[in-house]
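User: I'd like a close look at one part of this model. Keep it brisk, and give the cut-offs.

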Amino acid sequence: DVTIRGAKGGRKAEKDGQLFEGDTVITGKSGSMELRLGDESLVDLRGESSMLIAALYKASGDGQLAVQFSLLKGGLWSFIKPQPANIKWKFFTAFLVSEIQGTEIEINHSAEQSVLLVKKGQVYAGRNGTEKRLSVMEGQKIVVPSDIAKDIAVSELTEEDRKGADKEMTSVLASGEAGSSSSVRRFIVMLVPYYYIVSEFNKQTGAVSVTRIIPTANVSEYVEGVNELGKVYLYGGIRLTISVIERMTRKRIERYAVLDRNGVFKTIDRIGGVTVELSAEDAENLGLKSGPNKLDSEKVLKYLQGKDKNSGLSLEKQDKLIRAMYAEISGSKLNATKALISQLTSGLETDIDVSYGTDLYDVIKSRKDWRVDIVSY
């Protein structure tokens, strides 16, 4: 649900298609778009939004190259790689202008105001059409009202702002929540200390994309003084970890949940177990018949360990278990009531609430033919 309007008229957006200076990207209610530049900087346009690509490395007389995006309506999120001194990035709305050298930002624009949130780095921003700029540091936001008589305010991000990875600012858009009608849901489950799983459900394509990241993955490019992903959580907590993983995978994460191994097994029992296709060897080890068997958490652990409990957990069996869990959740017999969602999230470090859980479950139940693709990072 994305349209491109350019010099040659309108066209349907295509994956991996090229965009050009002067193109306007328009996303419908169920649409979103990720624009990736050559240096891997990202601009993600959300649903019901419109953005003009005003300049793409456009040369000026002083040797500078301009990259400029004008948000005409709606919301965007962007991660920008540190830029050379001769490249100047700017984001505009009707009210706001922001100059960026390398950072992570979120902008929401409506008829009443423009709001810029700085998640990483530093931005110089002010009212469009004026020369005055204010420094907006990491962890701050700037609000530029449409009424020029009102002051421009810089303030600290609230907890709601920090949680708003997939939300428009409720004070900006009358709908109060963006992405709720999107066909894509993306969240991360941290199985500390073993690995991190980013899951993405795409209702339109029927694909469940699972990216598994091991805790020893090198993150020195993203965090100063920390080499391994597993240490990021210990060093900076969940927010820093998510920020790093977003930059590693170039995927915006909506929600998170942190589980240890016991948390995984509790989840398995709370959904009534998982059905796994057992080989003759695994069936014999579990005292069952080969073929599909419903396993509770105790049998799942024994299945993962195999006969040799000291050999470590098989990645192949872990993949099989992930597929089985998604199949169980999407199966017609499971009814994810608000009470069950509350039970599943109870006691966890998570920002998955009943509203998001219900929305996610509705997406999952919208199809019977989900295809699970698992890749390791």
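Is Phe69 buried or exposed, and what is its relative accessible area?

Analyst: Phe69 is buried, at a relative accessible area of 0%. Buried means under 20%, exposed over 50% and partly exposed in between, with a 1.4 Å probe and protein chains only. The model is predicted: local features need pLDDT of at least 70, side-chain atom pairs need 80 or more, and totals for chains, interfaces and linings use all residues. Numbering runs from 1 along each chain as its sequence is written, and side-chain values use heavy atoms, without hydrogens or water.

Now the ring partners. The whole structure holds six aromatic pairs (Phe, Tyr or six-membered Trp ring centres within 6.5 Å; stacked under 30 degrees, edge-to-face over 60, tilted otherwise). One of them joins Phe69 to Trp89: tilted, 5.7 Å centre to centre, 40° between the planes. Phe69 sits in strand β7 (residues 65-80) and Trp89 in strand β8 (residues 87-92), so this pair ties together parts 20 residues apart in sequence. Strands are DSSP runs of E, at least two residues, and helices runs of H or I, at least four, numbered from the N terminus. Trp89 is buried too, at 1% relative accessibility.

Phe69 also pairs with Phe91. Their centres lie 5.5 Å apart with planes at 25°, so this pair is stacked. It again links β7 to β8, across 22 residues. Phe91 is buried, as is Phe69.

Elsewhere, ring pairs join Phe187, Phe201, Tyr326 and Trp370 into a cluster. Tyr326 is among the buried residues of α6, a helix of 16 residues (315-330).

Definitions and conventions:
The expected span of a helix is 1.5 Å times one less than its number of residues.
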